[in-house]
Amino acid sequence: MTGPATMPGRAVSLETVAMSKRFGPLAALDDVSLRVPAGSFHALLGENGAGKSTLVKCIMGFYAADEGSVLLDGKEVEIRNPRDARAQGIGMVYQHFTLVPSLTAAENLLISRADAPLVVDWTREKRKLAEFLDRMPFKVPLDVPIAQFAAGEKQKLEILKLLYLDQHLLILDEPTSVLTPGEADEILGLLRDMTRRGEITVIMITHKFREVLSFCDSVTVLRRGRNVGGGRVSDLSTESMARLMIGDTQIRERAARADRAAGKTVLELAGLCANNDEGLPVLKAVNLKVHAGEIVGIAGVSGNGQSQLFEVLAGQRALDDGRVLIKDTPFEPNRDSYYRLKVFGLPEEPLKNAAVPKMTVAENIAFRSFDRPPIAKLGWWLSPVPMRDKARELIARYRVKTPSPETAIADLSGGNVQRAILARELSGDVDVLIVANPCFGLDFASVAEIRGQIMEQRNRGAAVLLVSEDLDEILELADRVAVMSGGTINYVAAVAATDRATIGQHMAGH
Amino acid sequence: MSQAPALVVLIALIGGAIRVSTPFMFVALGECLTEKSGRVNLGLEGTLVLGAMCAYATAYHTGSPWLGVLAAGAAGAVLGAMHGYICKLPRVNDIAIGIAMMSFGTGVAFFFGKPYIQPQAPRLGALPLGAWTGNPQLAASLEVSPLLLLGIAVAALMAWAFANTRWGLIVRMTGDSAPAAKAMGVSVDLVRFLTTTMGGFLAGIGGAFLSLYYPGSWNQGLSSGQGLMAVALVIFARWSPVRCVVAALLFGAAGAIGPSLQSVGVNQGYYFFNAAPYILTLFIMVLSAKSKRAAHDVPGELSITK
Amino acid sequence: MVNVPNPVALAPPVYGSVPGDLSVRIRRSAEYVAIPFFALAVSALLFSVFLLALGKSPLEFFQLVERGGFGTAFSLQNTLQRSAPLILTALAVAVPARIGLIMIGGEGALVLGGFAAAVLSIPMVGHLPPFPTLCLMATAAMVIGGGWVGIAGYLRHARGVNETISTLLLTYIGIAIMNFFVEGALRDLSNPNKPSTKPLGEAYMVGHIPGTDVHWGLAAGIVLAILLQILMSRTTFGFAVRVCGGNPRAALAQGLPVGKLIVLCAMISGACAGLAGFFEVAAIQGRANASLVAGYGFTGILVSFLARHNPVAIIPVALLFGGIVASGGLIERRMGLPDATVLVLQGLTFLVLLVSETLYGRFAIFRVTGTVERT
C-alpha cells in the first residue's frame with residue numbers, strides 16, 4: 001500500500017463474538033459481543049476498569065483474547081498482533097500521543113508506513129504527502145517538529161496518520177481529553193462527516209455523554225467486563241446510559257455542600273511567572289484569590305500551564321516573578337511554611353508525585369509528621385513505634401485497604417494509594433488545600449469518597465484550589481471556576497452564574 | 001631552521017588535534033548512535049581498552065594491522081552486545097551497567113594483554129598529506145591516519161542516514177519516544193541492542209587506533225578516560241555526528257596541549273595540561289546541562305539527561 | 001448530569017488475612033539478602049568456567065583465596081588491613097546511593113584526602129604531638145575529600161550535571177592535582193626514587209589495634225559504618241534522604257530541601273573516602289605519592305552495590321573483597337595468573353550482580369500474600 005486514498009464506500013462493519021479475556025483470576029472481558037455497522041460512529045461507554053481498553057486492545061491485537069472472534073464485514077479475521085490489525089485496516093488513536101516529538105509531521109507519517117522505503121527520496125515523498133493532504137478534510141504543517149504542535153494539531157495528525165495508512169476502521173481512545181471544547185467539536189464533527197460519507201467507521205471510547213449524544217449513532221455500554229446494553233443513541237437518554245454504566249448500585253446524592261459565605265482571602269496568587277523545562281514562559285502573570293471555605297476550580301485544557309502552576313505551589317518549580325501570599329504573608333514552599341500555614345496538597349498521579357513507591361504505607365503516611373513529636377524526638381531521632389501506631393490509626397480511619405502498614409505503597413491499588421495520601425494530608429487541620437486531578441483513573445466508589453473528603457474540608461473552612469482537566473468535576477465541586485488558557489487566567493466566575501459554553505470559549509482562548 | 005616557539009606549539013597542536021582526535025571521534029560516533037536510540041553506554045572506556053588490546057594482539061600474530069582493526073571492532077561489538085542485551089532486562093540500571101562494563105572490559109584486556117606489552121606489532125601506516133609543504137615539522141603534523149578519514153566518512157554517513165533512511169528515522173524515533181516506536185510495532189530493545197553493538201564496534205576501532213598508530217604500543221596505561229570524555233563530547237555536540245567530529249578535534253587539541261608544550265621545553269604544569277581534557281569535559285557538561293538548545297536536541301528517552 | 005454517590009462508609013476496614021508486620025518485613029529483607037548471595041554464587045560459577053577454559057583449576061583458585069585471605073592468622077590480618085579502606089570507599093558510594101545518586105568519585109577523594117593529610121603534616125611533624133597532629137590530618141582529609149565530591153553534588157543540584165560522569169572526571173582531575181604537587185612544589189627532595197611528600201616518620205604514624213597487626217582504620221571504618229546506618233534509618237535526616245532518593249518530586253512537594261540534602265550526602269561521601277586516604281597515608285604509606293591510586297575507590301563501588309548500599313552490610317562484603325585482593329599475590333605466584341585476574345573477577349561479579357536486579361519481585365516466596373487489590 002503506497003500512499004493513501006480514503007475513498008467512499010470503504011467503511012467496514014465490525015462485530016465481536018463472545019470475546020473473553022482473563023488476567024489471572026480477573027475477568028477483564030466476559031463474553032462480550034457487539035456489533036458496529038459500517039459507516040457508523042459508535043461509542044464505547046463504561047467507567048474506569050469496565051473493560052473498554054481491554055476490548056479494544058484485543059481487537060487491535062495487543063492482547064490475544066482467550067475466547068471469541070472478530071468479524072469484519074461479516075467475515076472472521078485473525079488478529080494475532082498489531083501488524084495484523086493494521087493489515088486489516090484497523091487503526092487506533094491512543095490517549096497519549098504516539099508521535100515522535102523531534103521528527104516533523106512528514107517524517108512521522110513516512111516512518112509509520114510498513115513499507116517505508118529504505119532510502120528516502122524526500123522530494124518525491126513530500127510531493128505525494130502534499131497530494132494526500134489536499135484530499136483530506138484538514139491539514140497540518142509538514143515540516144515543523146511535532147514538539148511545536150498544539151495538542152489539537154497533534155490529534156489531527158494522529159488521525160491523518162491512520163488515514164494515510166489506509167485504515168478505515170478507526171478506534172479512538174478518549175480522543176478529546178486534551179482538546180478544548182471547540183477543537184473537540186471540530187474533530188468529532190469532521191469524523192462524523194466522514195462516517196456519513198461511508199469512508200470510515202469509528203469506535204470511540206469516551207465517558208463524556210455530551211459527545212455521545214451530539215456525534216454518535218450508536219453506543220455499547222460495558223460494565224465489569226460485560227456488555228450490559230446499548231443501542232441507538234436516539235433511543236437512549238443520559239440517565240439510561242448512566243444507569244447502564246453504574247448498574248444497580250444506587251445513584252447517591254452529590255456531596256453535601258454547606259451553605260456558607262466565603263471568608264477572607266487566604267490564598268493569593270499575584271502575578272506568577274514561571275518557565276517550563278525548556279526555558280520558555282509557561283505561566284504568564286497568573287492572578288487569583290481563594291477565600292476560606294470555598295473551592296476554586298481551575299479549568300482548562302491540559303497543556304495550558306495548570307500542571308506547572310501546581311508545581312510552583314508544591315515547590316517543584318521555581319518562580320521567575322510574582323508572589324504567592326497565604327494569609328497575607330509571602331509564601332515560600334519549604335517545610336516550615338507548610339507546617340505553620342497549614343498548607344496541604346494532593347498532586348495528580350499520587351504514586352508519581354506524592355509517594356515513594358518502595359517505602360511502606362506507614363512511612364508514606366508519615367511524610368508530614370516524621371520530623372515532629374511524637375515520631376521525632378529531640379528534633380532528629382526517629383522512633384518507628386509511634387510512626388506505626390499513627391499509620392494504623394489513619395489506615396483504619398480512611399479505610400485504606402492494605403495487608404499491613406509495612407507493605408510497600410506501590411503494591412496498593414490506585415484508589416487505596418490516593419486514600420493513603422488523603423489520610424496523610426487531610427487528617428489534620430487544613431487551612432489551604434491544593435488539589436490536582438484527584439480522581440483520574442479511579443473507580444466510582446473511590447471517586448465519590450475523595451470528592452466527599454475535599455468537600456468536607458471546604459465545609460470546615462479550608463481554602464481549596466482544585467486544578468482539574470475534568471470540567472464536570474469542577475462544575476460539581478467548585479464554588480467559583482477560573483479558566484486557564486495560554487499560561488494565564490482569563491476568566492473567573494461563580495459556577496452558578498456561568499455555563500459550559502462560556503467556559504469552553506475561554507478555554508479555547510477567546 | 002629554528003622556529004618561533006609559538007609556531008612550533010601551534011604546529012604541534014594541529015598535529016596533536018589530528019592524531020589525538022581520532023579515538024575520540026570513533027568513540028563519540030559510536031556513543032552518538034547509541035544515545036540517539038535512547039541508551040547510554042558508559043562502558044566505552046573498557047571497550048576502548050579491549051579494542052586496543054585485541055588490535056595489537058591480532059596484528060602481532062597475523063602481521064596485518066588492518067586485521068587488527070577488524071578484530072578490535074569485533075571485540076567492541078561483543079562488549080556492546082553484552083551491554084545492549086543486559087540493559088533490556090527489566091529493572092536494570094544502564095548507568096551502573098556501564099560502570100561494570102568499564103571494569104570488566106579493562107580487566108579482560110589487561111588479563112589477556114599481559115604477554116603483549118613487550119613485543120612490537122606492525123603499525124598502521126599514515127597518509128603523508130603534508131608532503132607538499134616544505135616544512136618537515138608541518139609535514140609530520142599533517143600525517144593523517146586513514147582511520148581519521150574513515151571516521152569522518154562514518155560521521156557523514158551517519159548524518160545522512162539519520163535524515164534520509166528508514167533505519168535512521170527508526171533509531172531517532174526509538175530514542176525520542178519509545179511509546180511511539182512500540183505503537184508502530186518496532187522492537188525498542190532490538191533497535192537499542194543493535195545500536196549499542198554498532199557503537200561498540202566503532203569504539204573498538206578507536207581503541208585500535210591507540211595501539212596501532214598513536215601512541216602505537218600496548219600497555220596498561222593506554223587509555224585514561226577517553227571513553228568517558230566521549231560521552232560528554234556527544235552531549236556537547238548535541239547528538240549530531242558532524243558536530244561530534246568538530247568536538248573531537250577540539251578535544252584532540254586540548255589533549256595535545258601538554259605534549260606540545262613539552263616539545264618546546266615547557267615542562268612545568270605537565271599534569272595540569274594533561275588534565276586539560278577532563279577539565280574541559282567537566283566545563284562542557286556544566287554549560288550544556290541546562291542549556292536550552294541542548295534541551296531541544298536531546299533524545300527524549302536518554303536517562304542521563306532526564 | 002450523572003449524580004455522584006455520597007461518601008458514606010462503603011466497607012468496614014479490611015486487612016484480610018494479616019500475615020503480621022514482622023513477617024512482612026522479614027520477607028522483604030530476605031529477598032534483599034538471598035538475591036545478592038545468588039548473584040555471588042553465579043559469578044563464582046562463571047568465573048570457574050573461565051578458569052577451566054584457560055586450563056586452570058577453579059578449586060585451586062578458591063582454595064588459594066581461602067588460604068591467602070582467611071586461612072591463617074597472618075592472611076586474616078592482611079585481609080583486615082585491606083578491608084579497612086574498602087569499607088570507607090564503599091560507604092562513599094552507599095550514602096549518595098540512598099538519595100538516588102550514583103557517585104563513583106571515591107578514588108579521587110581518597111587521593112586528595114590523603115594528599116591533604118600529608119601536606120598538613122609537614123608543618124606539624126616535630127612541633128605538635130602525634131595525636132593532635134593525626135586528628136587534624138584526619139579532619140583535613142575529610143574536609144578536602146568532602147569538598148571535592150561536594151562539587152559534584154552541587155553541580156548536580158544547581159545545573160543537573162550527571163553525577164556519575166562528573167565524579168569520574170573529578171577523580172581524574174584530583175589524581176592529576178596530586179601528581180602535580182607531589183612531583184613539583186611539595187616533593188620531598190631527599191628521596192631520589194619515587195616522587196612523594198615528606199614522610200611522617202614512625203612516631204607519627206597511626207598505630208595498630210592492640211593485639212593485632214591491623215591499623216585503627218579498620219575500627220574507624222566499622223564505627224563509621226554503624227553510625228551511618230543509624231543516621232540513615234533512625235534520624236529525620238536519614239528519612240528525608242530516603243524520601244528524596246525514592247521520589248524527588250514527592251520530596252519537593254513535602255518541602256524537603258532536596259538540593260541541600262544532595263550536597264550534604266555528596267560531602268559525607270567524599271569525607272568517607274578522604275578518611276580512607278588519611279589512613280592510607282598515616283597508617284600504611286607514611287607519605288603521599290602515586291601509590292595512593294590503588295583502585296580502592298573502584299572496588300568500593302562493587303562492595304557497596306553488593307551490599308545494596310546498606311552501611312552495615314558493607315562490612316562483611318568488604319571483608320570478602322579484602323580477602324580476594326589479599327590473596328592476589330599468592331594466586332599470581334602459584335597459578336601463574338596475571339594480577340588482572342582479580343579485576344576480571346570483580347568486573348564479572350559486578351555485572352552478574354547488576355543483572356540479578358531483574359530478579360527482584362519475581363519470586364512469589366518473597367511476595368506478601370493477603371488481600372491486596374491489584375490495579
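Predicted model: local features only at pLDDT ≥ 70, side-chain atom pairs only at ≥ 80, totals over all residues.
Local features were considered at pLDDT of at least 70 and side-chain atom pairs at pLDDT 80 or more, whereas totals for chains, interfaces and linings use all residues. Residues are numbered from 1 along each chain as its sequence is written, with chains lettered from A and ligands numbered from 1 in the order in which they are written.

Chain A is divided into domain 1 (14–246), domain 2 (252–342 + 431–454 + 461–510) and domain 3 (350–428), the bounds coming from an automatic or database domain assignment. The centres of domain 1 and domain 2 of chain A, taken over C-alpha atoms, are separated by 32 Å. Eleven residues from domain 1 of chain A and eleven residues from domain 2 of chain A form the contact, for which the C-beta atoms of two residues, placed from the backbone, must lie within 7 Å. On the side of domain 1 of chain A that touches domain 2 of chain A, five residues are nonpolar, five polar and one charged. In this division, Ala, Val, Leu, Ile, Met, Phe, Trp, Tyr, Cys and Pro count as nonpolar, Asp, Glu, Lys and Arg as charged, and the others, Gly among them, as polar.

Between chains, 18 residues of chain B are in contact with 22 residues of chain A. At least two residues of this side of chain B come from each of α7 (166–176), α8 (178–183) and α14 (292–297); helices are DSSP runs of H or I with at least four residues, strands are runs of E with at least two, and both are numbered from the N terminus. The most is given by α7(B), with six residues. Eight nonpolar, six polar and four charged residues make up the side of chain B that touches chain A.

Chain C contains 14 helices and zero strands. Its C-alpha atoms fill a box of roughly 90 × 55 × 40 Å along the principal axes. Of its 375 residues, 53% count as buried (20 or more other C-beta atoms within 10 Å; exposed, 12 or fewer; partly exposed, in between; C-beta atoms placed from the backbone).

Most residues other than glycine have a negative phi, and most peptide bonds are trans. P374(A) is found in the loop between α12 (361–365) and β17 (376–377) of chain A. Phi of A18(A), a residue other than glycine, is positive, near 50°; A18(A) lies in strand β1 (residues 14–23) of chain A.
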